[in-house]
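Q: Can you walk me through this chain, starting with the overall layout and then the pocket?

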Amino acid sequence: MKQKLTITVDAGLLPAAKRYARSRGVSLSSLVEQFLREMAGEGKPSFSSRWRGKFQAAEREGDPRYDALVEKYLR
């Protein structure tokens, strides 16, 4: 559900903000909402999800401590 919000900005900023939104094909309201979502952390992947699958296990055979860690964290 959408809710109306009234904000106050510098008079010189408003035309530039409207041009910026128009150049991207979105409304000023959508632009502000998108910014607020980013600031609130919505829609942004977590640190762990961004790095998941990026690292590969090293080839170290015969090391029981390493094997235990691989089993615990990589499989």
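What follows is a short chat about the chain and its largest pocket.

Q: What kind of model is this?
A: It is a predicted model, where local features need pLDDT of at least 70, side-chain atom pairs count only at pLDDT 80 or more, and totals for chains, interfaces and linings use all residues. Residues are numbered from 1 along each chain as its sequence is written, and side-chain values use heavy atoms, with hydrogens and water left out.

Q: How many helices and strands are in the chain?
A: The chain has 4 helices and 0 strands (DSSP runs: H or I of at least four residues for helices, E of at least two for strands).

Q: Is the chain spread out or compact?
A: Its radius of gyration, taken over C-alpha atoms, is 23 Å, well over the 11 Å that the globule rule (2.2 Å times the number of residues to the power 0.38) gives for 75 residues, so the chain is more spread out than a compact globule. The C-alpha atoms fill a box of roughly 70 × 25 × 20 Å along the principal axes.

Q: How much of the chain is buried?
A: Buried residues (under 20% relative accessible area, 1.4 Å probe, protein chains only) make up 7% of the 75 residues.

Q: Now the lining of the largest pocket: which helix gives the largest share?
A: That is α2, with 7 residues. Both α1 (13-23) and α2 (28-40) supply at least two residues each.

Q: And how do the lining residues divide?
A: Into 10 nonpolar, 2 polar and 4 charged (Ala, Val, Leu, Ile, Met, Phe, Trp, Tyr, Cys and Pro are nonpolar, Asp, Glu, Lys and Arg charged, the others, Gly among them, polar).

Notes
Buried means under 20% relative accessible area, exposed over 50%, partly exposed in between (1.4 Å probe, protein chains only).
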